[in-house]
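Hi,

Here is the structure I promised to pass on to you. Have a look at it first, and then read on.

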Amino acid sequence: MASSGSRSVLFVCLGNICRSPIAEAVFRKLAIDANVVDKWIIDSGATSDWNIGSLPDDRGLACLSNHGIETSHRARQVTKDDFMSFEFILCMDESNLRDLNKKANSVKNYKAKIELLGSYDPQKELIIKDPYYGSDADFERVYEQCVRCCKAFLDANS
């Protein structure tokens with residue numbers, strides 16, 4: 001998937017309709033603004049198969065739109081190939097991390113570095129909580145966390 005000289009990142013949450021598509025869209029915008037988007041493969045996925053093919057949650061889309069960011073992402077499940085083709089797999093909480101590490105263990109010699117996206121947060125908020133059962137304010141909080149974390153991740157890897 002990643003060509004020579006390019007970097008790659010896959011953002012992951014439970015359903016790939018709230019947190020990970022927000023992180024993907026935020027990171028893509030930051031990479032565009034930094035004029036490095038052509039050096040990155042950027043995607044997102046789910047640990048579950050519940051929402052395959054679905055658009056992101058309307059509240060997440062509205063939040064992104066309020067910040068001038070659009071996305072046409074469709075939910076997909078993380079595959080075994082992702083552990084070989086992505087350099088970084090960044091997830092949102094401990095449950096995602098456990099599920100990803102379990103799946104990675106079934107892939108021989110995988111190369112992906114699996115981490116919590118929150119490990120890059122300068123405010124040290126390690127977990128990006130699922131806003132699905134919350135309010136618009138919860139989606140805004142996810143957006144703000146993703147901006148901080150994605151900015152720090154991009155700075156550390158450019």
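Below is what turned up, starting with the sheet and moving on to the core and the rings.

Two bits of housekeeping. This is a predicted model, in which local features need pLDDT of at least 70 and side-chain atom pairs count only at pLDDT 80 or more, while totals for chains, interfaces and linings use all residues. Residues are numbered from 1 along each chain as its sequence is written, and side-chain values use heavy atoms, with hydrogens and water left out.

**The sheet**

In general, strands of a sheet pair through backbone hydrogen bonds, either parallel or antiparallel. Here, 4 strands make an open sheet with parallel pairing, in the order S2-S1-S3-S4. (Strands are DSSP runs of E with at least two residues, helices are runs of H or I with at least four, and both are numbered from the N terminus; two strands pair if DSSP finds at least two bridges between them.) At the edges sit S2 and S4 (113-116), each pairing on one side only. From one strand to the next, the twist averages 20°. (Angles run from 0 to 180 degrees between N-to-C directions, with axes fitted as lines to C-alpha atoms, for helices over the stretch in contact.)

Val 12, for instance, has Cys 91 in S3 as its bridge partner. Helix H1 packs on the sheet, where it touches S1 and S2, and its direction makes about 170° with that of S2. Helix H4 (residues 94-104) lies across S1, S3 and S4, at about 170° to S4.

Is S1 enclosed or open? 6 of its 7 residues are buried, so S1 is largely enclosed by the rest of the structure. (Buried means under 20% relative accessible area, exposed over 50%, and partly exposed in between, using a 1.4 Å probe and protein chains only.) Take Leu 10, which lies in S1: its relative accessible area is 0%. Leu 10 stands opposite Asp 43 in S2, and its C-alpha atom is 6.1 Å from that of Ile 42, 32 residues apart along the chain.

**The core**

The largest nonpolar core has 34 residues, and Val 9, Phe 11, Val 26, Phe 27 and Leu 117 touch the most other members. (Such a core is a set of buried Ala, Val, Leu, Ile, Met, Phe, Trp, Tyr and Cys residues joined through side-chain atoms within 4.5 Å.) Its suppliers of at least two residues each include S1 (7-13), H1 (19-33) and H5 (136-156). The largest share, 9 residues, comes from H5. There is also a second, separate core of 13 residues, with Phe 86 and Val 107 among them.

**The rings**

There are 8 aromatic pairs. (Rings of Phe, Tyr and Trp, taking the six-membered ring of Trp, pair if their centres lie within 6.5 Å; planes under 30 degrees apart count as stacked, over 60 as edge-to-face and the rest as tilted.) Phe 27 and Trp 40 are edge-to-face, at 5.0 Å centre to centre with 80° between the planes. Phe 27 is in H1 and Trp 40 in S2, so this pair ties together parts that are 13 residues apart in sequence. Both are buried, Phe 27 at 0% and Trp 40 at 7%. The two rings also belong to one aromatic cluster with Phe 11, Phe 88, Tyr 120 and Phe 153.

Cheers

Notes. Contact = heavy atoms within 4.5 Å.
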